Amino acid sequence: MINLPKRPEPRSRFLLVFCVMVLMGLIGAQMFLNRAGAQKQEEKKLQTTTDPSSSVSPAAATKPTDKELKQKLTPEQYYVTQKCGTEPPFNNAYWNNHAPGIYVDVVTGEALFTSLDKFDSGSGWPSFTKPIAKERVLEKSDRTLGMDRTEVRGAKSDAHLGHVFDDGPGPEKLRYCINSAALRFIPVEKLKEEGYGQFLPLFEGKK
């Protein structure tokens, strides 16, 4: 006589089915978490690629090397901005320039001064009563050549621009005496074309 295996009791079958369901649920949950993690990583990668604010251009983060500056600037511009030199008075590009526009840092292109604040100081160098914004320039004590002066440098470029004196005509009585070689002039009609359109309102209604 052959003994057949006993049919599992209902309680045992229930436990078996329950264990199988729990196991399948755990596997499904693990697969869902893996898929969600992969999707999150993909979204993060896509955001980093497409969002301009998430990356910084190396050129914008670092100052040009000395070799790059020598290639970009003329010998006089390099001498003035990098070696704290001074160009000859009455023999430079902008001392007698009366056209409306802005003057930008020759190294970085940072807007520094406007023709609205330019005046004839009689010194032979471009002179301004104030910069476009105070934070765009740095002032440092300069005691070279046996004189006690205040040097003006570009805040972003750290380029030597000139000096500031307290004999100006404006409310603050300041005279920013700046080397033309440290500047590049952009006339009003080319401001938008060269990416400085935000300064156009300064010249509205001005002659």
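**Before you start**

This is a predicted model: local features need pLDDT of at least 70, side-chain atom pairs count only at pLDDT 80 or more, and totals for chains, interfaces and linings use all residues. Residues are numbered from 1 along each chain as its sequence is written, and side-chain values use heavy atoms, without hydrogens or water.

**Stop 1: the largest pocket**

Select Thr86, Arg149, His160, Gly162 and His163. Of the 15 lining residues, these are the closest to the centre of the largest pocket. The pocket holds about 290 Å³ of space. (A pocket is an open set of points on a 1 Å grid over the protein atoms alone, where a 1.4 Å probe fits, with protein on both sides within 12 Å along at least five of seven lines; lining residues have an atom within 4 Å of a point. The volume is the space filled by probe spheres set on the points.)

Now colour strands E6 (149-154), E7 (160-165) and E8 (175-178). Each supplies at least two residues of the lining. E7 gives the largest share, four residues. (Strands are DSSP runs of at least two residues, numbered from the N terminus.) By class, the lining has six nonpolar, six polar and three charged residues. (Ala, Val, Leu, Ile, Met, Phe, Trp, Tyr, Cys and Pro count as nonpolar, Asp, Glu, Lys and Arg as charged, and the others, Gly among them, as polar.)

**Stop 2: the nonpolar cores**

Select Phe113, Ile178 and Leu183. Of the 16 residues in the largest nonpolar core, they touch the most other members.

**Stop 3: salt bridges**

Select Glu110, Arg136 and Lys156. Glu110 forms a salt bridge with Arg136, with the closest N and O atoms 3.2 Å apart. (A salt bridge is a side-chain nitrogen of Lys or Arg within 4 Å of a carboxyl oxygen of Asp or Glu.) Glu110 also meets Lys156 in a salt bridge, at 3.5 Å, N to O. Glu110 is buried at 17% relative accessibility, whereas Lys156 is exposed at 63%.

Finish with Lys140, Glu151, Arg153 and Asp158. A network of salt bridges links them. Arg153 and Asp158 meet at 2.9 Å, N to O.

Notes:
Core = buried A, V, L, I, M, F, W, Y, C linked by side-chain atoms within 4.5 Å. Buried < 20%, exposed > 50% of the residue type's maximum accessible area, 1.4 Å probe, protein only.
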